[in-house]
Amino acid sequence: MTATSLTRLLSGLQDRLPGLRAVYEDLHAHPELSFQEFRTAGIVADRLRRQGWDVTEGVGGTGVVGVLANGEGPVVLLRADMDGLPVLERTGLPYASRATAVDAEGHEVPVMHACGHDMHVTCLLGATDRLAAARGEWRGTVVAVFQPAEEVGGAPAMIEDGFLERFPRADVCLGQHVAPAPAGFVGTRPGPVMAASDSLLVRLFGRGGHGSAPESTVDPVVMAAALVMRLQTIVSRETGAAQTAVVTVGSLHAGTKENIIPDTAELRINIRSTTPAVRDRVLAAVERIVRAEAAASGAPKDPEITGLNSFPVTVNDGPATDTVMTAIAGALGRERVFTLPQTLTGSEDFGVFGTALGVPSVFWHFGGADPALFRDADPRALLTDGLPATVPANHSPYFAPVPDPTIRIGVTTLLAAAAAWLCPEGPGGTGGTGGTGGTGGPVG
């Protein structure tokens with residue numbers, strides 16, 4: 001890929017930015033929970049059709065797939081996720097979400113785009129617009145995947161809905177995620193880039209009674225409290241210092257009134273790991289501790305442990321990552337592209353597409369936070385020292401990427417990465433499919 005080919009692909013983007021910002025603000029104000037993205041999917045499908053894409057709706061529930069064939073050449077899959085989270089927004093933005101929805105358990109909850117999926121949709125729509133408008137600059141086929149329910153595992157639902165048979169088989173899968181890093185910077189790494197995730201629902205059984213007579217009960221609240229504290233020792237005392245694992249109890253529900261000891265308590269537990277051995281050890285430790293705590297409390301019934309969802313480690317193909325990051329560095333400047341020093345503990349189901357297709361995949365993170373928040377920080381130091389406490393992270397009620405320059409950067413990175421295969425000078429144009437064509441080691 002040459003700078004000229006990318007420049008031509010990006011030609012006209014500046015004029016589209018006000019419209020893309022309007023799309024972003026609209027999506028941010030109207031988030032939808034996993035597998036409920038009907039409004040979002042409708043907006044996506046309508047815009048893709050107007051751009052000239054062949055559109056299929058309802059894939060894997062609420063997913064949308066656009067296909068644009070443009071002559072002989074590689075097939076490139078570009079993916080964005082669409083769902084929001086049950087979070088009450090506190091950003092104070094004029095386009096802040098006031099939406100509510102009924103979740104899978106039948107509870108009415110606030111909804112917010114607290115993870116930036118509205119930005120992902122906006123950037124991919126910007127990229128699809130430029131690809132459709134500049135067909136003379138590239139050759140091949142693009143499969144634009146707007147995926148539902150990333151937060152609970154929507155990629156497998158699309159695969160199970162015949163994705164592999166219904167759409168052109170990609171030669172490479174490309175995806176990105178907005179991060180609480182300074183807008184304008186991009187980071188990834190070859191190999192494992194994001195952790196595996198396993199979520200569990202644990203139901204503890206006690207014997208309820210009057211709060212004034214706890215001796216006549218088996219209190220599941222005390223049982224749950226002890227369990228929460230004991231689970232913390234899995235990482236601190238059963239996981240090596242050089243290994244990576246996270247155990248989080250994100251939800252604990254029990255009881256209805258202060259003077260009634262309930263019969264049950266429910267916990268939702270999330271586990272992150274980066275290797276199969278650590279994953280197996282942590283999952284076994286969680287089960288052991290749950291059952292032991294129930295036994296120690298004299299529970300009248302064994303606890304129930306139910307799996308909610310599971311994401312594998314997200315793994316970037318080495319040569320393809322080299323190709324992508326070299327292309328992005330050429331678009332943004334080498335000083336703005338970084339190699340992450342270790343696997344991130346966040347998780348993704350994006351890798352399901354590449355694994356199912358048996359092709360290379362690359363996933364990267366691009367900054368979306370106001371650069372003014374990092375005025376005195378060295379971007380490289382953030383890789384090892386972490387974010388300032390004043391910068392809201394993903395899933396925070398205060399998380400909201402700044403539209404400018406984040407949208408422009410997100411569209412640019414997608415187009416630069418895709419062009420590395422689709423433009424005649426790129427590896428795809430000379431017969432490669434992502435396994436070759438890099439220009440040295442990882443950038444940064």
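Contact here means heavy atoms within 4.5 Å. Keep in mind as you look that this is a predicted model.

Start at helix 7, which covers residues 220–231. Its 12 residues reach 16 Å from the first C-alpha to the last, close to the 16 Å expected at 1.5 Å a residue.

Now look at which side chains of helix 7 are hidden. Pro 220, Met 223, Ala 224, Leu 227, Val 228 and Leu 231 are buried. Viewed down the axis of helix 7, these buried residues fall within an arc of 135°, so they line one face of the helix. The spacing follows a general rule: an α-helix has 3.6 residues a turn, so residues three or four places apart point the same way. On the face of helix 7 turned away from the buried side, you will find the exposed residues Val 222 and Met 229.

What covers the buried residues? The cover of helix 7 includes strand 10 (196–205), strand 12 (245–254), strand 13 (260–261) and strand 14 (264–273), along with helix 8 (233–238) and helix 9 (276–296).

Finally, the cysteines. The structure holds zero disulfides. For Cys 115, the nearest cysteine sulfur is that of Cys 123, 14 Å away. Cys 115 is buried, with a relative accessible area of 8%. Cys 423 is buried too, at 0%, and its sulfur lies 19 Å from the closest cysteine sulfur, in Cys 173, so it is too far for a bond.

Definitions and conventions. Residues numbered from 1 in each chain as written. Predicted model: local features only at pLDDT ≥ 70, side-chain atom pairs only at ≥ 80, totals over all residues. Heavy atoms only, no water. Disulfide = S-S within 2.5 Å. Buried < 20%, exposed > 50% of the residue type's maximum accessible area, 1.4 Å probe, protein only. Helix = DSSP H or I, 4+ residues; strand = E, 2+ residues; numbered from the N terminus. Expected span 1.5 Å × (residues − 1). Arc of directions from axis to C-beta.
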